[in-house]
Amino acid sequence: MDDSLARILADPVMKSLHPEIKRAAGIIHSAVRDSRPILVRYNNDADGMSAGMAIRNAILSELNGRPLLFEHINNSAIYEQGDALADLSRLSREFEGAAPLFILLDFGANQESEAALELLKNAGAQCVIIDHHPFSEKANGLCDSLVSPWCAKGDSRYPAGLLSGEVAKLIAPLEVEELQFISLIGDKSSLLKPAEQPERLKKASLALDYLASGRLKTSLEHCESAILDEKKLDSLYQQALSRIYEAKEAAKSQMKIKHLENGFTVAIINLGKAIRKGEFPARGTVVGAVMEELSAKEAGPLVAIGYGDDAMSFRANSAAKKAGFSATRIIAEIKAELTNAVDSGGGHDVAASIRANEGFLKIVLDEAVGKISQIPA
Ligand SMILES: [Mn+2]
């Protein structure tokens, strides 16, 4: 096994997650053995997709051709009640009497998904959630197994694809290393250093992000075969790059640069024309691309803030971090000071995002710039 992956898999968080990983694999294995229908729902990005591929491959290798496996992409961080109802009726139409198993990957453990989970439980379905977003206790109680790094003193650096790969290996003897790499790269986990990221898997990760968010009628099988084919992968990668380039140019045309007295340069970017919600590229990707271009010319402390209709992303260069900028600290301060303005937020020192409540985006933006201007020179 690759050394960097071996290091991650042997760390205390992954070690203490092992019993739950085993439990999840056992539940999935029983559903396969009992010929019950299984639905895999995965989040619409490279992490969700690599998780979906690992679990799908493991189940298929045990099903021996029995048509019991279904899949669906989930185009949000929430399991919506309407989707849960549609999923339940689809499975009960075809498999009357057999309790279905739902597997939710890279989403579904949050408070907003509780109502959907309750529907599944009341309908007699089983549910396994593999998710690395902060979870709600009630959601945890409503599912049969939750594999979450937060249950093992970990955090969101352990992506769903990494965890799902471990579950998949206990269901069937499979090669899942590359999918685990793709998930770590796709979710920009700091567990994997940039030098440890294989070029081809970086490409595959971007290609999956592109395929997943296109709202195309796509399938895990189609996406997996695309990234395994060198020519198709290259073509998808180039398409994704050119979409990022176009979005970056559109963003730059709506950018204001401020030079603050403390030496910081702040680029404020209206992303209204550059991105569309739920489509590729995502807000953070575009701000990152603008940042990369600006920092090639700007050696001093530089912060880029890109905002869409209800959220903004921060990116900063290393000079800004050295000069005392921390996006997470600024977000925490704004959260504490403007309690009714902020819905959620978080990230790292140099890359983070914040979602404002309706009507508060401009206030949060002004507050953020104000806080950057107060950093002592
Ligand atoms: Mn994820």
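1. Let's start at Lys188, which counts as partly exposed because 17 C-beta neighbours sit inside 10 Å. (The cut-offs: a residue is buried if 20 or more other C-beta atoms lie within 10 Å of its own, exposed if 12 or fewer, and partly exposed in between, with the C-beta atoms placed from the backbone.) Lys188 is no glycine, yet its phi is positive, at about 50°. You'll find Lys188 in the loop between helix 8 and helix 9 (199–212). Helices (H or I, at least four residues) and strands (E, at least two) are DSSP runs, numbered from the N terminus.

2. A quick word on what you're looking at. This is a predicted model, in which local features need pLDDT of at least 70 and side-chain atom pairs count only at pLDDT 80 or more, while totals for chains, interfaces and linings use all residues. Residue numbers start from 1 along each chain as its sequence is written.

3. For the overall layout, the protein splits into domain 1 (3–192) and domain 2 (251–373). Those bounds come from an automatic or database domain assignment. Taken over C-alpha atoms, the centres of domain 1 and domain 2 are 32 Å apart.

4. Asn64 also has a positive phi without being a glycine, near 50°. Is Asn64 buried or exposed? Asn64 counts as exposed, since it has 7 C-beta neighbours inside 10 Å. Look for Asn64 in the loop between helix 3 and strand 2 (69–74).

5. Next, helix 7 and helix 8. At what angle do helix 7 (residues 160–171) and helix 8 (residues 177–186) pack? The angle is about 160°, and the axes lie 7 Å apart. So helix 7 runs roughly antiparallel to helix 8. (Angles under 35 degrees count as roughly parallel, over 145 as roughly antiparallel, 65 to 115 as roughly perpendicular and the rest as oblique. Axes are lines fitted to C-alpha atoms, for helices over the stretch in contact, and angles run from 0 to 180 degrees between N-to-C directions.)

6. The crossing of helix 7 and helix 8 is left-handed, meaning that the near helix is turned anticlockwise from the far one by less than a right angle; clockwise would be right-handed. On the helix 7 side, the contact uses Ala160, Gly161, Leu162 and Gly165, and helix 8 brings Leu179, Gln180, Ile182, Ser183 and Leu184. Two residues are in contact if their C-beta atoms, placed from the backbone, lie within 7 Å. The residues in this contact of helix 7 with helix 8 come out as five nonpolar, four polar and no charged. (Ala, Val, Leu, Ile, Met, Phe, Trp, Tyr, Cys and Pro count as nonpolar, Asp, Glu, Lys and Arg as charged, and the others, Gly among them, as polar.)

7. Have a look at Glu175 too, in the loop between helix 7 and helix 8. Glu175 counts as exposed because it has 11 C-beta neighbours inside 10 Å. Along the sequence, Glu175 and Asn57 are 118 residues apart, but C-alpha to C-alpha they are 9.7 Å apart in space.

8. Helix 3 (residues 46–63) packs with helix 10 (residues 220–228) at about 105°, with their axes 10 Å apart. Helix 3 and helix 10 are therefore roughly perpendicular to each other. Met49, Gly52, Met53 and Arg56 of helix 3 meet Leu220, Cys223 and Glu224 of helix 10. By type, the residues of the contact of helix 3 with helix 10 are four nonpolar, one polar and two charged.

9. One backbone detail to check: the peptide bond from Phe280 to Pro281 is cis, with omega near -5°. Pro281 belongs to the loop between strand 7 (265–270) and helix 12 (283–297).

10. Asp349 sits in the loop between strand 10 (342–347) and strand 11 (351–356). Leaving out residues up to four places away in sequence, Asp349 touches Lys321, Ser326, Ala327 and Thr328. Asp349 and Gly324, 25 residues apart in sequence, have their C-alpha atoms 9.6 Å apart. With 16 C-beta neighbours inside 10 Å, Asp349 is classed as partly exposed.

11. Finally, Phe360 is in the loop between strand 11 and helix 15 (361–373). How many other C-beta atoms lie within 10 Å of Phe360? There are 17, so Phe360 is partly exposed.
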